Amino acid sequence: MLHRLFANATPAHAHCDLYCGVYDPAQAKIEALSCLKTIQKYHDSDDEHFKTRAIIIKERQAEEVKHHLMVLWADFFTKDHFEQFPNLHQLFWDGVHGAGDVKKSLDAAVAEKLLKTIDEISDIFWQTDKGKQMGVYPPA
């Protein structure tokens, strides 16, 4: 009976099924680093099958970067954070679109630019009291 009741419901997607409160920009950075290393390995290879696999992996990891950035933007940062750091919306815009650019490119410089943007977001994350309480890998 419940199945019929929700048969036409729109599926909802969330960071997780339970608000865990665990956030860290390191997730996005790890995926972005994977993109950069994959691009470098692509250029170092002359094996067409390997290169095809590298492109598929790079595009998947870039999509993960977008996901992790969107989670931070939508679930972690608050209106107060965006008022305190007026460039934060732009950084997320640049990050999400930069990850899209990485999907479309085999240029290491594009991936390096994405990493720089993630580092800027990370710097802001660690300046917040909320980040200091729930971040997993604080800077040394």
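A nonpolar core is a set of buried Ala, Val, Leu, Ile, Met, Phe, Trp, Tyr and Cys residues joined through side-chain atoms within 4.5 Å, where buried means under 20% relative accessible area with a 1.4 Å probe and protein chains only. The model here is predicted, so local features need pLDDT of at least 70 and side-chain atom pairs count only at pLDDT 80 or more, while totals for chains, interfaces and linings use all residues. Residues are numbered from 1 along each chain as its sequence is written, and side-chain values use heavy atoms, without hydrogens and water.

Let's start inside. The largest nonpolar core has 30 residues, and Leu69, Phe77 and Phe92 have the most contacts inside it. Two or more residues each come from helices H2 (26–44), H3 (48–76), H5 (88–104) and H6 (108–127); helices are DSSP runs of H or I with at least four residues, numbered from the N terminus. H6 gives the largest share, eight residues.

Now follow Phe77. Leaving aside neighbours within four places in sequence, Phe77 is in contact (heavy atoms within 4.5 Å) with Leu72, Phe82, Leu88, Phe92, Ile121, Ile124, Phe125 and Thr128.

Helix H3 is worth a stop too. H3 has 29 residues and reaches 41 Å from its first C-alpha to its last, close to the 42 Å expected at 1.5 Å a residue, a span taken as 1.5 Å times one less than the number of residues. Among the buried residues of H3 are Lys51, His68, Leu69 and Phe76. The buried residues of H3 pack against H2, helix H4 (79–84), H5, H6 and H7.

Finally, Val136 lies in the segment after helix H7 (129–134).

Methods
Buried < 20%, exposed > 50% of the residue type's maximum accessible area, 1.4 Å probe, protein only.
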